[in-house]
Structures are given as structure tokens and as C-alpha cells.
Amino acid sequence: EDGIRDPLWSRGLGDVYKRQDLYDTYVLPSWSDITAVGYALPDHSGVSEEQVLEGLRTAFPVTSTAMGPDFVTVAGQFCSADQPIRRSLGARFYDWFEPKVQGSLHALLKYESMLVTTGPVDGMASALFTEEDALSKYLSVAEGVRIGCFQVQPAQLLEEVEFGDRVFVDGELPDVDGQPVEPYPCGLICFRTPQGQVETVEVAVEDAEILLSGKNLHTIDMPVLQALIQRGIVVRNQWEL
């Protein structure tokens with residue numbers, strides 16, 4: 001109603017419509033969405049905190065649910081600190097937030113980060129797979145596989161948060177009666193199936209540490225190693241002619 005014209009109006013429309021008239025006539029996105037280009041602009045815009053929050057809730061649905069309103073505050077702090085680099089939102093947020101949390105919440109955050117960053121199947125290794133791969137000396141962890149060592153069982157923790165059995169209190173996730181998460185040392189591996197689904201398998205912490213190092217994979221017990229190869233988690237990286 002004040003007659004102020006938007007500098008982004010197209011020539012001609014700006015001579016006919018007032019600002020309110022334009023919004024009444026056309027469905028226009030919010031100014032924060034228009035300027036959300038992903039890098040800082042001179043007027044201190046460039047990032048839509050609403051879009052970032054929506055993306056983080058998609059990448060970390062259980063962590064964000066557990067934290068409730070606190071997650072909104074954390075997302076806003078992340079927007080102020082984030083840098084315009086070509087990495088996924090989930091990976092950037094994890095690198096920023098991971099040093100700030102501990103205990104069971106850290107385990108949940110790490111597990112969800114593994115789930116959201118698991119890459120595609122190694123197509124070459126899958127196509128050239130044979131039953132003799134376990135006997136090869138040329139073995140490595142497939143690209144895209146995510147491995148983590150934990151002091152609690154994060155997959156179980158995820159289910160308990162989803163069902164409301166655990167709540168967020170003072171940076172931790174005790175159950176509804178205030179009891180802490182029970183210790184459960186384990187290794188978890190997230191990998192993608194040929195059908196494109198992300199699945200998780202549990203291994204001993206010692207085996208997870210070997211896989212993370214990328215060395216001495218043959219020291220893993222043969223039945224476990226064969227199971228990892230069958231799932232495409234460990235693959236052959238050299239082939240003889």
C-alpha cells in the first residue's frame with residue numbers, strides 16, 4: 001500500500017502494480033528464498049535458515065526429533081558458521097556439530113550421518129565379483145561404505161527415540177525414567193545394496209577398526225570376511241589378467 005516498487009519487478013509490471021497488488025495477483029516466493037543462493041550477499045542475506053533447517057531435519061530426522069526446539073537453535077548457529085563449499089549439507093553439519101556433542105547423542109548423530117552419506121555400490125567390483133575374492137591379497141573397503149565404532153548401540157537408540165522411550169535432557173538421551181543408555185561396544189557398517197537401499201551390519205569393534213585402517217584385512221576371521229565380501233563391503237581392487 002505504500003507504493004514502493006520492488007527493484008526486481010519486470011519492466012512494465014512495475015509501472016502498473018503496487019507491491020501488495022503484485023502479491024495479490026501472483027504467487028511469489030519469500031524474499032529469503034529468492035536470495036538463498038548459498039553464499040553471503042552484501043545485504044547479509046544469501047542463506048535461508050528455513051530451507052537449511054528443513055534439509056537438516058531430512059538428513060538427521062531422529063537427532064532433530066530428539067533435540068526438539070534446541071535443534072532449531074543449533075541449525076541457526078550452523079547457518080552463521082557454515083562455509084560455501086561443495087559438500088553435502090549433512091556432511092558439513094556433522095563436521096561442525098560433532099565436536100560439540102558427546103555420549104549417546106553423539107552416537108545417534110554419527111550413525112545418522114553414516115546413513116545419509118553412504119555412497120553407491122562399487123559397480124566394477126560388483127561386476128567382476130567371484131567366489132575366490134576372499135582368497136585374493138588385493139582387498140580394500142569399497143568406496144561409499146561408512147564404518148563407525150561405538151560405545152552404545154546407535155541403531156537400537158534410534159528406534160527408542162522414534163518410539164518416545166528416550167528423551168533429550170542436558171545433552172544426553174536417558175530413557176523416560178531417567179536411566180542412561182547401557183554401554184554396548186560395537187562396530188557398525190552402512191552400505192548400499194544393488195537395489196539402492198542402505199543397510200547396516202554389526203561387527204566386532206576390532207574388525208571395524210581393521211576396516212577403518214584399510215590394512216591387514218586378512219586378519220579378520222574368514223567367515224566374517226567372506227560375509228563382508230558377499231555384501232560388497234570389502235571388494236577386490238586389483239585383478240590379474
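Predicted model: local features only at pLDDT ≥ 70, side-chain atom pairs only at ≥ 80, totals over all residues.
Local features here need pLDDT of at least 70 and side-chain atom pairs count only at pLDDT 80 or more, while totals for chains, interfaces and linings use all residues. Residues are numbered from 1 along each chain as its sequence is written, and side-chain values use heavy atoms, leaving out hydrogens and water.

Start with the helices (DSSP runs of H or I, at least four residues, numbered from the N terminus; strands are E, at least two). The axes of α4 (residues 49–59) and α7 (residues 89–97) come within 10 Å and cross at roughly 85°. That makes α4 roughly perpendicular to α7 (65 to 115 degrees counts as such). On the α4 side, Val52, Gly55, Leu56 and Ala59 make the contact, meeting Leu89, Gly90 and Phe93 of α7 (contact means heavy atoms within 4.5 Å).

Now the backbone. Most residues other than glycine have a negative phi, but here are two non-glycine residues with a positive one:

| Residue | Phi | Loop between |
|---|---|---|
| Asp170 | about 55° | α10 and β3 |
| Asn216 | about 55° | α11 (205–213) and α12 (222–230) |

Asp170 is exposed, at 78% relative accessible area, and Asn216 is exposed too, at 58% (exposed is over 50%, buried under 20%, partly exposed in between, with a 1.4 Å probe and protein chains only).

The loop between α10 (154–162) and β3 (186–192) also holds Val169, which is partly exposed because its relative accessibility is 38%.

Technical notes
Axes fitted to C-alpha atoms, helices over the stretch in contact; angles between N-to-C directions. Parallel < 35°, antiparallel > 145°, perpendicular 65-115°, else oblique.
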